[in-house]
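Student: Could we go through this one together? I'd like to know what stands behind each label.

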Amino acid sequence: MMIRRQKAEVMIAGEQLRLRLHDSKLIKDRRHHLRTYPNCFVAQELIDWLFAHKEMPDRETAVQLMQHLMDRDIIHHVCDKWPVFKDAKYLYRFRKDDGTFPFNIEVNIFMRGQRLYEHLITSKDSILQLRQEKGVAYERSFPGYMLIDWLLQNGEIESRRQGLDLCKALLEHGIIQHVSLKHHFFDSGLLYQFCIHFRRWRCLSELLHETENEEVDCITHQSQEDQADSPFTLHKTPPSVGNSYFLSVQTTKDLKVPTNGRRGSLTNQQHSSRAYPLTASLTAALTVRCNPTSVLKRHVTCEELLSPGAPYVKRVLTILGDALGWGFVVRGKSPCYVQAVDPGSPAAAAGIKVRQFVCRVNGRSVLHLDYRTLSKVVMTGPRVVTLEVMEPVD
């Protein structure tokens, strides 16, 4: 729920910034190399504007903010040539200005909720009122049945069943909530509130603070990055009962992992994906070092991957996850890479291989993320995952 609210805050702040830039005439049609690019802005001019309007303390922080918006598909390079935001005379554009914003179910529900909020807050006889539940007063609250009545009266839904489904989706996506957080949505007299104040002016620096809070665990463990797998794989400590584990290992000899065991399931926890049972000999062999050395022979930078003539080839692979997950392990940061692949998994069937570098997930640039954040992107997304990877040329 917290991740969804953070996404909502980013979308609201991004839209507020977009409208301000239109008003300031920073977004306009621009000509470059005999070609006109509509509704775009110059990165350098935008950084100047942010600094001049005291939105950011320095240019470096302003670049971090715009990279944050870029990683979340709010803006992009007009030719999608640069996956990073550069303080230079490059042209970028808000995806909402060129129709490339990724309208998935989550975004559609968010925008539906925002539109309903605007209608309700400006309505002459708004159902958002000061009301009481169990002796406690709640501002701008409404009974569940009353919201469904309003949706029917205003042609937003065709039946109460449809209204109930919509309101449940709004609650599950963090748009509304029960006033005391004790109930799901019911077509009853229980009170609910909007938990996102869509009209509140967002300070852009808030986005960076939220990012720091979201990734604080990643920062705390940066020094241990080479000793930690991503959440696509389960803990390697052998359990006392029941569970089984997929081994991400690299040895000088091929390791044959038995495939007749039950694989571990992908869950909503911090650990997930493919699993295989450990034999006694394998358990003993890996008790000292369960988390192996990186499969990379040397560190590779993002700039090296993107440089012209680099010995890497781009591939776009689609993985249809099953009930057990996707079946691969990512590690590293900026860029992340595939550390291990379950040989019997959807990832293996799709062509995922070790040493591939992950550039985009479902169209979103992830090249500069760390493995924990990349894992969240995949696990909070759809079951069908499209990866753009760069792999070494043999």
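Student: What makes you say that H6 and H7 meet?

Tutor: Keep in mind that this is a predicted model. Contact takes heavy atoms within 4.5 Å, and on that basis Tyr145, Leu147, Ile148, Asp149, Leu151 and Leu152 in H6 meet Arg160, Gly163, Leu164, Leu166 and Cys167 in H7. The axes of H6 and H7 lie 10 Å apart, at an angle of about 120°, and the crossing is right-handed.

Student: How do you know that the span of H7 is close to what is expected?

Tutor: The expected span is 1.5 Å times one less than the number of residues. H7 covers residues 160–172, which is 13 residues, and the expected value is 18 Å. From first C-alpha to last, H7 reaches 18 Å, so the label follows from that definition.

Student: Which residues of H7 are called buried, and what covers them?

Tutor: Buried means under 20% relative accessible area. In H7 that label goes to Gly163, Leu164, Leu166, Cys167, Ala169, Leu170 and Leu171. Their cover includes helix H5 (105–122), helix H6 (144–153), strand E7 (176–178) and strand E8 (191–194). Just after H7, Gly174 takes a positive phi of about 75°.

Student: E7 and E8 came up there. What is the order of the strands in their sheet?

Tutor: The order is E5-E6-E8-E7, in an open sheet of four strands with antiparallel pairing. Strand E5 (129–133) and E7 each have a single partner strand, so they stand at the edges, with one side of each left without a neighbour in the sheet. On average, neighbouring strands here are turned by 60° against each other, direction ignored.

Student: What makes E5 and E6 a pair?

Tutor: Pairing needs at least two bridges. E5 and strand E6 (residues 136–143) are joined by four, and they run antiparallel. Therefore they count as a pair under that cut-off. To see one of the bridges, look at Gln132, whose partner in E6 is Ala137. H6 lies across E5, E6 and E8, and runs at about 30° to E6.

Student: And what about the loop between E5 and E6? Is Lys134 buried or exposed?

Tutor: Lys134 sits in that loop. Exposed means over 50%, and Lys134 has a relative accessible area of 75%, so it is exposed. The phi of Lys134 is near 55°, a positive value in a residue other than glycine.

Student: Which residues touch the most other members of the largest nonpolar core?

Tutor: Leu50, Met66 and Phe85 do, out of 56 residues. Among the elements giving two or more residues to this core are helix H1 (2–23), helix H2 (43–52) and helix H3 (59–71). H1 gives the most, with seven residues. Leaving aside neighbours within four places in sequence, Met66 is in contact with Leu17, Phe41, Leu46, Ile47, Leu50, Ile75 and Phe85. Another core, of 22 residues, lies apart from this one, with Leu317, Cys336, Tyr371 and Leu387 among them.

Student: How do you know that Leu317 is buried?

Tutor: The relative accessible area of Leu317 is 5%. The cut-off is under 20%, so Leu317 counts as buried. Leu317 lies in strand E9 (residues 312–320). Not counting residues up to four places away in sequence, Leu317 touches Ala350, Gly351, Ile352, Gln356, Val385, Thr386, Leu387 and Val389.

Student: Last one: which peptide bond is cis?

Tutor: The one from Ser334 to Pro335, with omega near 10°. Pro335 lies in the loop between strand E10 (328–332) and strand E11 (336–341).

Conventions:
Residues numbered from 1 in each chain as written. Predicted model: local features only at pLDDT ≥ 70, side-chain atom pairs only at ≥ 80, totals over all residues. Heavy atoms only, no water. Buried < 20%, exposed > 50% of the residue type's maximum accessible area, 1.4 Å probe, protein only. Axes fitted to C-alpha atoms, helices over the stretch in contact; angles between N-to-C directions. Core = buried A, V, L, I, M, F, W, Y, C linked by side-chain atoms within 4.5 Å. Left-handed = near helix turned anticlockwise from the far one by under 90°.
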